[in-house]
Amino acid sequence: MLILTCPCCGVTGEETEFHPGGEAHLKRFGPGSEDGEFTAYLFDRKNPRGVHFERWRHAFGCGKWFHAARCTATLEVFGTYSARVSAPPEEILAMIRARRPGWEASA
Amino acid sequence: MSARLPRGGLLIDRQFPVSFRADGRKLSGYRGDTLASALMGAGEMLMGRSFKYHRPRGPVASGPEEPNALYGIGSGARFEPNQRATVTELFEGLEARSQNRWPSLAFDVGAVNAKLSRLLPAGFYYKTFIHPRAAWKHLFEPVIRRSAGLGRPPREPDADRYEQVHAFFDVMVVGGGIAGLAAARQAAAGGARVMLVEQAAHWGGRALVDGPEIDGLPAADWVAAEVAALAARGNVTLRSRFAAAAVNDHGYVLGVERLTDHAPGAEAPRQRLWRIRAGRVVTATGAIERPLSFPGNDVPGVMLASAIRDHLALYAVSPGARTVLLTNNDDGYRTAIALKKAGLDVPAIVDVRANPSSQLVADARALGLRVEFGRALSGVKGVKRVEAVQLCALAGQGSVIEEIACDAVAMSGGWSPVVHLWSHSGGKLGWDEANAMFIPDPDRPPTGADGAGFVLAAGTAAGKLLTGEVLADAAAIGRRAAEEVGQRPGDEAVPRADSTAEAPLLPVWIMPLHAGPELRARAFLDYQNDVKVSDVQLAAREGYESVEHTKRYTTLGMATDQGKLSNINGLAVLADTLGQPIPQVGTTTFRPPYTPVSFGAITGMARGPLFRPVRRTTTDPWAEAVGAVFEPVGDWRRVYACPRAGESTEDAVVREVLTVREAVGVLDASTLGKIIVKGPDAGKLLDLVYTNVMSTLKPGRCRYGLMCTENGFVFDDGVVVRLDAGTFLCHTTTGGAERVHGHLEEWLQTEWWDLQVYTANVTEQFAQFVVAGPKARGVLEALGGMDVSREGLPFLSSAEGVLGGFPVRVHRISFSGELSFEVAVPAARGAELWERLIGLGAVPYGTEAMHVLRAEKGFIIVGDETDGTVTPHDLGMSWAVSKKKPDFIGKRGLERSYLVGAGRKQLVGLETVDPSDQLPDGAHATSGTRPDGRPRAIGHVTSTYRSPTLGRPIALGLIEDGLARMGEVIDFPVSSSLTMHARIVSPCFFDKEGSRQDV
């Protein structure tokens, strides 16, 4: 049972208030894309032991989607941030590096 | 013989006798007793039969770790099996039933298993009941199931109420002994919100029994003063009878408060489940004494030394008149001393250590007690009761030196801190060599959302065994917890107590040290599951090197007590057999709950009608009153049919269908989802989420649309109405409103956040009724107020207005193929409009008639004709998929090679060749054979009805390349003896031109 803070409404809530939405920052491949690209977009997901960027929705709150940077091994939450970005913002990366020295974002 | 002593008993009140029944016999105890202490007080030591060998067993412990004394408590709707007698508070009229015995506890037929125990080693079931295979199902399993299991489940629904609460604290302290009290006091001193909980009904834990002086006060007085001081504080919540069951991620603590278990029938919930978030959790959970592994250590009368001391001090009950103490440490001596001081006989203290020198040993000797050093026990005489013990040298094979008559044995194998809560969320343990115990490693605590440790172990739970160091440690931990949650730490004085030094313990995991197979097969590790030293050694010899595997193979620690007494001894024996150090073998995983949580508490109020509340439309009371037949659709309850007096449901459906075809019917379609999509980019968004074009829709017009997932599979469907230039109303399926709304929001918020669009789910704001049939227009005209003519409100148009005084929105859309008006009205006026429509001659019809009507027309239902793997093309609905749009959700998915090639299953109509055959729902069609020779399935029936309009059965189905096989007759082997034959036809069975709806 995680605790997450919704960056949209500022509420810190129980996991049951939120709905998970899988890996964040997927790039959508639509019409015109190669089969390989499209298949990867639809089905290939990272499953790291460690730092992970995820989508969450404050389903029983403000209803907004947001992103969370979280450690899948320790469940530490490095930070939450807007869903309206296509890559983790620098301040989130800085928080992760502070907690996990030597960590580098994989492509 | 166990007995009540004439004086003493801290917790009992002799002025209030309490009568109860055990296996039907009327017995008596005192207020404050547990079931176990009352039974012992009444001379009863036999309290159960073990799981595998049905050996007679008495209580071993005095707390929740008890493995043997399990009873079914109560009767009927208040019966609960597997309750530990040692923590069951006695109340007037309590009914206890012993378990796992037949015909009676004293005489049990299953005890023959014990005689066969040599033939029932570890892994017996895995090794034996393998062949012949059929015998498992018909012979072995039924017999094993009948003889296995402990208590029987209750047969009636639980008559009690349960409730759940959420609570938030800065610091939660688990354990109301002296460590918990000291930690809570410091944590709360600076203003932090603190909760302190204790699993027992009384505070003070073991300090009440061992009675050290704290701050110059007797322990009991100090405890009372501390509890009073904490209770007086506004920022401290105290709860006794509260079992902290689990410490989960991020400070989430689950606990059960027993409110009326000890007072059944009271006007209050029986238990309350607490869901707590705490900034820091302090585990002041104490320790549990370990049994010793010696032959015969399971005979009733053999108990933990601390349990004998507890029963003596708290309930004035002694398990025996002559008690031999077997110990490997100093603490056990306290029991011998207490017994002697109570005037009971202690024939011998058997100490495995060579020559320990300490105050406690000296005290025992000063009382004149006989102490045997370097000795062990090689046997216990007696079956249902200890009669004598056999003394032997520790370092030997167990040759009997002397037989000592006694009726009880107190055993003390040292203490194991209760590390369960620390471990639940990943806290790691270290090995304390001196005391031979696992303790929480403060450098590797469970970590929370911020990455910092959130559990702190305090006092004995942290491995501090002497009173003085327990208090100092707990106070420091309490202060640290407050500091870590950002509260001002207290400056309260640290309570002080003197403790005398104790001589070191000698870890002895098997005794006598060189016991042969005979003796090792009588030394029990897990009492409840009958796991012996020999079983663990056998597992090790057979290659089970991992403690987790050994546990599962032998069932060590897998009983209802979850190995609270047996795990450490078991893994020590395993380590010994493998020749590895204990910390290298490690422990099994400590999983929640620490003590059992009732299903009632987990369920709380979510049972019966509150389990999954039913959504009802505005006409539900009317339907209830006329005796309509209902069916669940998603969370909704909808009318299936409205039979008239004396009419069967089937006949009602036929009549309703024909009424819509020939006259006029009315259906409550309020459950269909209604989503408003509004904003300058609303059309753009809808073009992206529907497969067809919506942005070109003119205001006041309707268009049917399909939604796909990114895979290209149909996800939902419904009619879109353009209300004005910037506003669309999207209808969804009944079950799909929330899902579709969520889908729109997800894409809007996470992919196309540049679009200026708002969405709102207004499903429940409007009631919506379908008035359908050749005479539908007449009903609306009778209401009056709007032009509903073919010219004024043509097919696929929509208008707002006032109809018969009701503010309405009328859509000319048809799911039945008939002239049809869908009338939406604010929900508050739904029931009123409904009755007016019926008053004007519209005949109510239900969902089944609706299904038949649409199937006659070949209209799909998402979830019947689709299953998440069906594309619009498969449904023959390519007309609804835009070729012009550059993009929509599912466009790229639909281009995938295996969705466009031949071999797809396609929607077709199916007409049985013999009209007396009706294809069963889901029936599979076959054609040819597979490589393995069995028939090849080529599709299945998705909907099937007997059509009242056509007078014969009709069906829809998904058949491989069905559109290219029109007219072909295919086989449906519906049972081993019957194959139906059906012709592939167009899915539209009635009015193919659509002339009836556009009039």
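Two strands pair if DSSP finds at least two bridges between them. Strands (E, at least two residues) and helices (H or I, at least four) are DSSP runs, numbered from the N terminus. This is a predicted model: local features need pLDDT of at least 70 and side-chain atom pairs count only at pLDDT 80 or more, while totals for chains, interfaces and linings use all residues. Residues are numbered from 1 along each chain as its sequence is written, and chains are lettered from A and ligands numbered from 1 in the order in which they are written.

**Stop 1: a hairpin in chain B**

Select residues 13-22 and 25-31 of chain B. These are strands β2 and β3, paired in the antiparallel sense over seven bridges. Find B:Arg21; its bridge partner in β3(B) is B:Lys26. Two residues separate the strands of this hairpin, and B:Asp23 in the turn has a positive phi of about 50°.

**Stop 2: helix α5 and the core**

Select residues 178-189 of chain B, helix α5. Is it mostly covered or mostly uncovered? It is mostly covered: twelve of its twelve residues are buried. A residue is buried if 20 or more other C-beta atoms lie within 10 Å of its own, exposed if 12 or fewer, and partly exposed in between, with C-beta atoms placed from the backbone. Among the buried ones are B:Ile178, B:Arg185 and B:Gln186. Check the length. At 1.5 Å a residue, α5(B) should span 16 Å, and its end C-alpha atoms are 17 Å apart, which agrees. The expected span is 1.5 Å times one less than the number of residues. After the helix comes B:Gly191, with a positive phi near 110°.

Next, show the largest nonpolar core, which has 176 residues. Such a core is a set of buried Ala, Val, Leu, Ile, Met, Phe, Trp, Tyr and Cys residues joined through C-beta atoms within 7 Å. B:Ala183, B:Val194 and B:Val282 are among those with the most contacts inside the core. Its largest share, nine residues, comes from α5(B). Apart from this core lies another, of 100 residues, including B:Val639 and B:Leu780.

**Stop 3: a six-stranded sheet**

Stay in chain B. Six strands form an open sheet with mixed pairing, in the order β42-β43-β44-β41-β35-β45. β42 (798-803) and β45 (843-844) of chain B stand at the edges with a single partner strand each, so one side of each has no neighbour in the sheet. Select 665-668 and 766-772: β35 and β41 of chain B pair in the antiparallel sense over four bridges. B:Asp668 has B:Phe769 as its bridge partner.

**Stop 4**

Move to chain A. A:Glu76 sits in the loop between β5 (65-71) and β6 (77-82) of that chain. This residue is buried, with 20 other C-beta atoms within 10 Å. A:Leu2 is 74 residues away in sequence, but 9.1 Å away in space, C-alpha to C-alpha. Beyond four places in sequence, the contacts of A:Glu76 include A:Arg99, B:Thr447 and B:Asp450. Contact means C-beta atoms, placed from the backbone, within 7 Å.

Finish with the contact itself: 21 residues from chain A and 20 residues from chain B.

How values were computed. Contact = placed C-beta atoms within 7 Å.
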